[in-house]
Amino acid sequence: MAEAWRMSDRNVVARALASAFLAAPWKVSGLVANGAEVVGGRFPWLVSLARSTLRFFPRPPHDRLELLAELLATRPAFRQACANPTAPVRLSRWISAAPQMGRQPWPVPALPTQADLADWLKLTGAQLDWLADGAGLEHTTSPGRWRRYRYTWIPKRSGGERLLEQPGEALARLQRKVLHGILDLIPPHEAAHGFVRGRGIRGFVEPHTGQSVVVRLDLEDFFLSVRPPRVWGVFRAAGYPDGVAGALAGLCTNRTPGAVVAQARRAGSAREVDTRWRLARRLESRHLPQGAPTSPALANLAAYRLDVRLSALARALGARYTRYADDLAFSGGEALGRSARRLLQCVRRIVRDEGFTVREEKTRVMFQGHQQWLAGVVVNEHPTLRRTEHDRLKAILHLCRTRGPASQNTHGHPDFRAHLLGRIAWVTHLHPARGARLRALFDQIVWD
């Protein structure tokens, strides 16, 4: 216990020194002078600490106070000074350095402090702290007004369930502001086509039409696999200091209550047991909630390095690569067919390195002599909707018109109307004429 307290004290002093260094002229004499005020004397180890700081940071890292504090806490000279029982390091005063934005590669709003973020969101500091849930209270909160999300288990058409996590009205409003005010200004990788303005399903499938070989892979629990460090990294890359990036990440991530996770349907097979276990682990850790306005954009941005690596792999094999949310697609000539096993091995390794998991049962290697399809779109000669998909949607709309929408909402969608409109829009993007006919059927439905 004493060692734990000493480590805690050392971290506090390191943070105080980091703040004092950032408020000083960025040279050895300036850092030593401010450091001496913090610890109450010009001790010899301060010079070594100042030189180490300048070696690691040629320019002052005004937006990385936490990182600088971590560096100082690990320096041998500082650790030895803190461990000296005859002359213990004591904190005499605190010199505050005003946080600053880092390099801003995109035109995002400048928010150097959490107070600035709260003002931009029109919140008090206490409201920001609660909605960002830094303490992780949502995980243990009982159902009621203090929960930030509403939870609904929805059956998947392919089997299993997904958890819809819908933010409350206040949190959803803030997430939409973060989406349109910040995330929309950060461009995703050119290979990403899902949830990207100006791109869509056609852009995802067209590069793979008329190819000898088409390879499709699917990522398991795409949103849930994105962890806070990736989300924090997106906001840090936009130039936000550590504290602001952490608060923004808190607003956009969630840790599902254990009682909600326990409501999932019991697994019916050995494979489902394993899948359910991974799903529960992801839900009970911080993740991007499926249902938050910010999750699609953040998932794309968090997968940027994945897209970079898979694009480079495709080029090395003479292939093409695109991604639509959790669907990965590769295509190429006959040479790709001969190297398909190598491609799959490399993709699995890259996906695993980037924190995602391939759903092996959905992996397909499709040759030109058979039907090649991606995301329900046939790509053998030109993008065309699979007939079964069109007929199924048409039948659902017809039955909604004759028997009522509730009779067809078998998966319990909380907004079935919006769900149907989304599917019609998807068809319209590929086939405007078919989409128009489906929309005419939709307009005849009587909604309660």
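A nonpolar core here is a set of buried Ala, Val, Leu, Ile, Met, Phe, Trp, Tyr and Cys residues joined through side-chain atoms within 4.5 Å. With that in hand, let's look at this model, which is a predicted one.

The largest nonpolar core runs to 73 residues, and Phe-235, Tyr-240 and Phe-330 have the most contacts inside it. Helix H11 supplies the largest share of this core, seven residues. There's also a second, separate core of 30 residues, with Trp-45, Leu-49, Ala-73 and Ala-81 among its members.

| Core | Size | Some residues in it |
|---|---|---|
| Largest nonpolar core | 73 residues | Phe-235, Tyr-240, Phe-330 |
| Second, separate core | 30 residues | Trp-45, Leu-49, Ala-73, Ala-81 |

Phe-330 is worth a click. Leaving aside residues up to four places away in sequence, Phe-330 touches His-208, Val-213, Val-214, Val-215, Leu-217, Leu-310, Ala-314, Arg-320, Tyr-321, Leu-336, Leu-343 and Val-347.

Now back to H11, which covers residues 242-252. Nine of its 11 residues are buried, so the rest of the structure largely encloses this helix. The buried set includes Asp-242 as well as Val-244, Ala-245 and Ala-247, and it carries on through Leu-248, Ala-249, Gly-250, Leu-251 and Cys-252.

One partner of H11 is helix H7 (residues 125-132): the two axes come within 7 Å and cross at roughly 55°. H7 and H11 are therefore oblique to each other. On the H7 side, Leu-128, Leu-131 and Ala-132 make the contact, meeting Ala-247, Gly-250 and Leu-251 of H11. By type, the residues of this contact split into five nonpolar, one polar and no charged.

Notes
Residues are numbered from 1 along each chain as its sequence is written. This is a predicted model: local features need pLDDT of at least 70, side-chain atom pairs count only at pLDDT 80 or more; totals for chains, interfaces and linings use all residues. Side-chain values use heavy atoms; hydrogens and water are left out. Axes are lines fitted to C-alpha atoms, for helices over the stretch in contact, and angles run from 0 to 180 degrees between N-to-C directions. Helices (H or I, at least four residues) and strands (E, at least two) are DSSP runs, numbered from the N terminus. Angles under 35 degrees count as roughly parallel, over 145 as roughly antiparallel, 65 to 115 as roughly perpendicular and the rest as oblique. Contact means heavy atoms within 4.5 Å. Ala, Val, Leu, Ile, Met, Phe, Trp, Tyr, Cys and Pro count as nonpolar, Asp, Glu, Lys and Arg as charged, and the others, Gly among them, as polar. Buried means under 20% relative accessible area, exposed over 50%, partly exposed in between (1.4 Å probe, protein chains only).
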